[in-house]
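Visitor: I would like to learn how to read the features of a protein model, one at a time. Could you take me through this one?

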Amino acid sequence: MVNSDWSKRLLIKAGVDQNKIAVVSLAYEAPQANVTRSFPMSFDVNRPLRLLYLGGIGIRKGFHILIDAMKLAKGLPVHLDVVGNLKGPAELLENLPANVTLHGHVSNQQTKDFYVKADVMIFPTLSDGFGLTQLEAQNQKLPLIVSENCGTVITNMTNGIVLGKVNPEEIIQSIQVLIDDPSLLKKFSDNSVPMQDYSLSKLAENLVNLESHPALASKG
């Protein structure tokens with residue numbers, strides 16, 4: 001049992017029989033959030049697109065690639081807030097460009113404040129079984145830019161943008177799309193996934209449904 005199609009694909013690539021793998025998403029008991037978001041009609045140097053990176057800072061998370069993208073984005077009205085602890089080499093935090101602000105570890109209340117103040121969260125991971133911060137952000141009606149290398153929460157151009165590849169050029173392109181058409185942010189926010197799809201009761205339902213999985217049914 002794995003928690004995402006991404007994990008399933010990796011196991012199949014490693015030689016595991018796909019018929020022996022079942023995907024069951026993580027559960028997230030979301031605190032009730034009555035969020036109404038508004039977004040500006042345009043972005044400029046005085047009101048840039050507010051991009052949020054929240055989580056462990058490491059190579060596996062694609063942080064170094066995101067910073068390379070922000071270096072290329074110096075001429076764009078975008079600012080990146082980085083919230084989280086360093087999990088990788090210290091070099092990841094050296095020579096950060098001026099359009100990046102490092103906040104380090106913050107309290108749970110401050111984390112919520114960062115979700116609320118952001119326009120979009122970015123999750124450029126190179127490999128994550130699921131990535132629970134996606135659900136935390138969606139609970140706050142926050143659009144996301146994500147990689148394909150994690151649990152599927154974001155549908156491309158419905159509630160966010162899915163990167164075709166995790167590289168600076170793709171990240172810049174996604175940022176540019178939102179700068180050019182800020183109305184997409186309201187659309188993405190309105191289409192945030194319903195939290196009941198990831199509730200404990202939904203997890204229980206999915207686990208019960210495992211009884212009909214081919215790998216188990218064949219043993220009946």
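Visitor: Which strands does helix H5 lie across, and at about what angle does it run to S1?

Guide: This is a predicted model, in which local features need pLDDT of at least 70 and side-chain atom pairs count only at pLDDT 80 or more, while totals for chains, interfaces and linings use all residues. Residues are numbered from 1 along each chain as its sequence is written, and side-chain values use heavy atoms, with hydrogens and water left out. Helices (H or I, at least four residues) and strands (E, at least two) are DSSP runs, numbered from the N terminus. Axes are lines fitted to C-alpha atoms, for helices over the stretch in contact, and angles run from 0 to 180 degrees between N-to-C directions. Here helix H5, residues 168–180, lies across S1, S2, S4, S5 and S6, and runs at about 140° to S1.

Visitor: In what order do the strands of the sheet stand, and is the pairing parallel or antiparallel?

Guide: Strands of a sheet pair through backbone hydrogen bonds, either parallel or antiparallel. Two strands count as paired if DSSP finds at least two bridges between them. In this model six strands form an open sheet in the order S3-S2-S1-S4-S5-S6, with parallel pairing. Strand S3 (100–104) and strand S6 (160–162) stand at the edges with a single partner strand each, so one side of each has no neighbour in the sheet. From one strand to the next, the twist averages 20°.

Visitor: How many bridges join strand S4 and strand S5?

Guide: Strand S4 (residues 120–123) and strand S5 (residues 144–146) pair in the parallel sense over three bridges, and Ile-122 stands opposite Ile-145 in S5. Helix H3 (residues 108–117) packs on the sheet, touching S1, S2, S3 and S4, where contact means heavy atoms within 4.5 Å.

Visitor: How much space lies in the largest pocket?

Guide: On a 1 Å grid over the protein atoms alone, a pocket is an open set of points with protein on both sides within 12 Å along at least five of seven lines, whereas a cavity is a set where a 1.4 Å probe fits but cannot get out; lining residues have an atom within 4 Å of a point. Here about 230 Å³ of space lies in the largest pocket. Of the 13 residues that line the largest pocket, the closest to its centre include Tyr-28 and Asn-108, and H3 gives the largest share of the lining, four residues.

Visitor: Which residues line the largest cavity?

Guide: Among them are Ser-25, Asp-197 and Asn-206, and about 30 Å³ of space lies in the largest cavity.

Conventions
Points joined across faces, edges and corners; volume = space filled by probe spheres on them.
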